[in-house]
Amino acid sequence: MSESHLPINSSRETTAGSASGYLMLVVFLVLLVAILFSVITLASGNPGGGTVLAFLAFILPAVACEVLIASGFYMIQPNQAVAVTLFGSYRGTDRNPGLRWTWPWMAKRKISVRANNVVSEKLKVNDLRGNPIEIATNVVWRVADTAQALYDVDDYRAFVNVQIEAAVRSIGSRYAYDDVEDAEVTLRGSHDEVNAQLRAELIERLRVAGLTVDECGLTHLAYAPEIAGAMLRRQQAEAVIGARRKLVEGAVSMVEMALAQLSEKNVVELDDERRAAMVSNLMVVLCGERDTQPVVNTGTLYQ
């Protein structure tokens with residue numbers, strides 16, 4: 001591998017060396033009281049040269065320490081972190097909420113580790129069968145590794161949006177929108193499995209930026225407008241075919257039951273021709289869409 005194509009140096013979050021800000025605040029206040037007391041004492045008396053030199057020997061370092069302590073304070077809110085660097089070198093991340101303190105020459109950069117919610121735009125994708133569909137998703141993500149999020153990608157929020165679009169396009173083209181026979185995983189009929197696959201792909205894509213995905217799911221799924229009418233007619237035809245299939249299956253079972261009970265109870269003896277006619281009449285009655293008109297036979301069975 002040439003030097004112009006070296007892999008990225010992956011960062012890893014570590015704990016920063018920081019102190020409680022409340023303890024340093026007590027030190028700051030005690031030192032401040034000492035400074036004020038020294039100034040008041042010096043001003044109220046008639047100090048000599050040695051006293052002034054002793055005052056200066058105390059007050060100058062004390063003021064410098066006050067400035068040093070005051071410059072090291074910073075605040076961390078709940079579910080917030082601060083990345084600490086020294087002259088560009090990463091020195092760790094502080095995740096302890098409240099008032100904190102570190103050396104003032106340490107650079108501090110705040111980053112939120114709270115959950116973020118992103119609703120992607122509607123994307124036009126070709127599904128597994130090549131049909132154009134519109135698809136959108138909702139993703140709940142958060143920062144898991146602050147060092148990777150800050151130093152391994154240029155803008156982790158923009159990185160999230162780009163990877164969400166890429167993952168949605170990948171999932172949309174991996175499955176068919178719908179399946180006539182209900183024998184495969186589809187976008188419309190297998191929500192749990194599709195959402196699980198989408199989350200797994202997003203986690204893998206965002207791993208390089210130290211991000212993770214807590215939840216995701218499709219919020220919009222439809223055929224593209226140019227084929228929506230044709231697909232609607234196809235779905236209607238499939239529904240009619242399915243209803244007819246169920247109707248015929250029920251009618252056949254009812255005819256079988258009727259013939260079996262007639263034979264068992266010896267109600268009437270039918271030859272093959274009359275049995276076929278009876279089956280035909282029953283199927284017409286059971287499967288017809290219009291109300292049947294009964295015909296009363298006042299003669300014999302063979303008239």
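Q: Which residues are linked in a network of salt bridges?
A: Arg 174, Glu 201 and Arg 205 are. Keep in mind that this is a predicted model.

Q: How far apart are the closest N and O atoms of Arg 174 and Glu 201?
A: They are 2.6 Å apart, and the pair forms a salt bridge.

Q: Where do those two sit?
A: Arg 174 is in helix α4, and Glu 201 is in helix α5, which covers residues 191–206.

Q: Is Glu 201 buried or exposed?
A: Glu 201 counts as buried, because its relative accessibility is 13%. The cut-off for buried is under 20%.

Q: How many salt bridges does the structure hold?
A: Seven. One of them joins the side chains of Glu 13 and Arg 95, at 2.6 Å from N to O.

Q: What does the pair of Glu 13 and Arg 95 tie together?
A: It ties together parts that are 82 residues apart in sequence. Glu 13 lies in the segment before β1, and Arg 95 lies in the loop between β4 and β5 (98–101).

Q: How accessible is Glu 13?
A: Its relative accessibility is 25%, so Glu 13 counts as partly exposed. Arg 95 has 36%, so it is also partly exposed.

Q: New topic. Where is Asp 152?
A: It is in the loop between α3 (146–151) and α4 (156–174).

Q: Is Asp 152 buried or exposed?
A: Buried. Yet Asp 152 has no salt bridge.

Q: What is the nearest side chain of opposite charge?
A: That of Arg 12, 5.1 Å away.

Q: What does the side chain of Asp 152 make a polar contact with?
A: With the side chain of Ser 11, at 3.0 Å.

Q: Tell me more about Arg 12. Where is it found?
A: In the segment before β1 (19–20). Arg 12 has 52% relative accessibility, so it counts as exposed. The cut-off for exposed is over 50%.

Q: How many residues apart along the chain are Arg 12 and Asp 152?
A: 140 residues. Their C-alpha atoms are separated by 9.6 Å.

Q: On to the strands. What is the order in the sheet with β3?
A: The order is β4-β3-β6, in an open sheet of three strands with antiparallel pairing. The edge strands are β4 and β6 (107–112), and each pairs on one side only. The twist averages 25° from one strand to the next.

Q: How many bridges join β3 and β4?
A: Five. β3 spans residues 80–86 and β4 spans residues 89–94. Val 84 stands opposite Gly 92 in β4.

Q: What do β3 and β4 form?
A: A hairpin, with two residues between them. Phe 87 in the turn has a positive phi of about 55°.

Q: And β3 with β6?
A: Those two pair in the antiparallel sense over six bridges. Thr 85 has Ala 107 in β6 as its bridge partner.

Q: Last one. What span should helix α1 have?
A: Helix α1 has 24 residues (21–44), so at 1.5 Å a residue it should span 34 Å. Its end C-alpha atoms are 34 Å apart, which agrees. Its buried residues include Met 24, Phe 28 and Leu 31.

How values were computed: Residues numbered from 1 in each chain as written. Predicted model: local features only at pLDDT ≥ 70, side-chain atom pairs only at ≥ 80, totals over all residues. Heavy atoms only, no water. Pairing = 2+ DSSP bridges. Helix = DSSP H or I, 4+ residues; strand = E, 2+ residues; numbered from the N terminus. Buried < 20%, exposed > 50% of the residue type's maximum accessible area, 1.4 Å probe, protein only. Lys, Arg positive; Asp, Glu negative; His and termini not counted. Salt bridge = Lys/Arg side-chain N within 4 Å of Asp/Glu carboxyl O. Polar contact = N/O pair within 3.5 Å; in protein donor to acceptor, adjacent residues only side chain to side chain. Axes fitted to C-alpha atoms, helices over the stretch in contact; angles between N-to-C directions. Expected span 1.5 Å × (residues − 1).
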